[in-house]
Amino acid sequence: MDTPNVGIPEPLAARMSMPEQHEYLRTRLSRRRVLARSFATAGTVGGVGLLAGGSSGAYGEAPRVAAASSARIGVDGKLVAPFGRHLAFGADPKSQMRISWQVPFAVKSPYVRVGLRPWELSQKIEAEVRDLHTPSLSKKLPAVEQYYLHAALDGLEPGTTYYYGVGHDGFDPASPERMSTIGSFRTAPARAERFVFTAFGDQGVSYHALANDQVILGQNPSFHLHAGDICYADTTGHGKESDTYDARVWDTFLAQTESVAKSVPWMVTTGNHDMEAWYSPNGYGGQSARWSLPENGFDPREAPGVYSFTYGNVGVVALDTNDVSYEIPANRGYTDGKQTAWLDGRLGELRADEGIDFIVVFFHHCAYSTSTHASDGGVRDAWLPLFTKHQVDLVINGHNHVYERTDAIRGGEVGRPVPVGASTDPTRDGIVYVTAGGAGKDLYGFGPGVEDSYEGNAPDHALDHDPDPDPIASFHWTASRRAAPETVEWSRVRYTGFSFLAVEVSAGARPKLSVSALAENGERVDHFEVERGKQRAQ
């Protein structure tokens, strides 16, 4: 008998919020489970015993139909190798690190070993297991069991390199034959100093995604920001349950990313492709199982993509635009305004901190872009007044699979032209918004007649101080989900290619952000500087 497609019919899904989709799926699958039990009873009476399902873990609470865990199979731990290691800061990057990884089967007593030398991993820390069950959501997809492991390292010393290995009963990373699996990381410094961070959005699994990762590793970044649409297990991202998702893509993605994320904290937020309705009413149960992120905004199961951290003289804020998007409203309003209120307070705290020179905010949907999805009016309405109020220095988005960078924008208009190589002061000019969505997923383009404009391939206005680049016809999404036309003059740099941001942060008397966009071959396609008007006394 074929497995029925449990997706919600398209006309119905279009009218449902993410919690409604979650409830529909759970009810539908529960009915399937009752039906399966009826068949199982009939089979037993006829002399054919069917395998009964087991209970699920906290992160994948779901009725299991007919699955067996490796605990029943009895896989020897020495035959199970961990993979998909990825780091993230805790609330304080100077003293906290979170180590996460995956195993293909259930294992006994998972742990992390950590020490100051790779041959002296004396400290052993127990890991938390977050098992995730995904049922068959369509005829083409199997049910999947996944096991994500997380260890919290607290009380670390600032500016210190640590070595670590992940293991379990039967697999000891400190044993001579496992030494090649040892990784390392460095905590944030106690005082502000020069460092580099990188950023992009919309990565997925592809050759180009892998190539970008390797060029990022060459920048030796202190951390990396991923602005949502992480792996594309959900290929449509409409926020509808006709969007089925293949949970196995997460395994491939984490294996792809491990070469960087095992040593560079990989700080993610949520995009529209990261809402997966089966796991929880807000669609983020899968996110909470797979990632351990700073817990200083919300309960991570409520809003895992909302948090902040401070590294040196930079305050970084991660936001979830699904909460405010006009374009894709499946999760609109799910925090009931709490995220925006938290943002106002957090930005105020960061700006009042004398040790912080710059505030960088990153999220998924674009506030300003002229590519396929254009601009989201919900983001503009909810948050741009707060960015202006607290003098945010740089905003990084994904969603549109291109690189596009604005001039400095103040009050919705160009506050100051920022050609390639120019410098801007947010206290005077406004904020530069960067769309860095060329991480690896299929590229978009720009409108008819709109040319790329970047370093080495630019019309005159991109490289000189011409304040009047050609206007571009674009649009923004309204609360009624209407694409409202607008003619814009703020689109300064455009690049249709795979790329990422590399930001060099300077401290001292004249702190600045030196922002570069690099193509996947390492060539620079844009650069500019952000310097605040008030200099810091030595």
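User: Which residues line the largest cavity?

Analyst: A cavity, on a 1 Å grid over the protein atoms alone, is a set of points where a 1.4 Å probe fits but cannot get out, and its lining residues have an atom within 4 Å of a point. In this predicted model, the largest cavity is lined by Thr134, Pro135, Leu137, Leu141, Pro142, Val144, Tyr245, Asp246, Ala247 and Arg248. Residues are numbered from 1 along each chain as its sequence is written, and side-chain values use heavy atoms, with hydrogens and water left out. Because the model is predicted, local features need pLDDT of at least 70 and side-chain atom pairs count only at pLDDT 80 or more, while totals for chains, interfaces and linings use all residues.

User: How much space lies in the largest cavity?

Analyst: A volume is the space filled by probe spheres set on grid points, which are joined across faces, edges and corners. For the largest cavity this is about 40 Å³. Searching the whole structure gives two cavities of 30 Å³ or more.

User: What lines the second largest pocket?

Analyst: A pocket is an open set of points with protein on both sides within 12 Å along at least five of seven lines. The second largest pocket has a volume of about 420 Å³. Its lining holds 21 residues, and Arg186, Asn220, Pro221, Ser222 and Tyr311 lie nearest its centre. Two elements give two or more residues to this lining, namely β8 (183-186) and β9 (195-200). Of the elements, β8 gives the most, with three residues. Such strands are DSSP runs (E, at least two residues), numbered from the N terminus.

User: With which strands does β17 pair?

Analyst: Strands of a sheet pair through backbone hydrogen bonds, either parallel or antiparallel. Two strands count as paired if DSSP finds at least two bridges between them. Strand β17 (residues 403-406) is joined to β21 (residues 432-436) by three bridges in the antiparallel sense, and Arg405 stands opposite Val434 there. Four bridges join β17 to β24 (residues 491-495), also antiparallel, with Arg494 as the bridge partner of Glu404. Tyr403 and Arg405 point one way from β17, whereas Glu404 and Thr406 point the other way. These four residues are all buried, that is, under 20% relative accessible area with a 1.4 Å probe, counting protein chains only.

User: What is the strand order of the open sheet of three strands?

Analyst: The order is β15-β22-β23, with mixed pairing. The edge strands, β15 (375-376) and β23 (483-488), each pair on one side only. Two bridges join β15 to β22 (residues 472-477) in parallel, and Ser375 stands opposite His476.

Methods: Buried means under 20% relative accessible area, exposed over 50%, partly exposed in between (1.4 Å probe, protein chains only).
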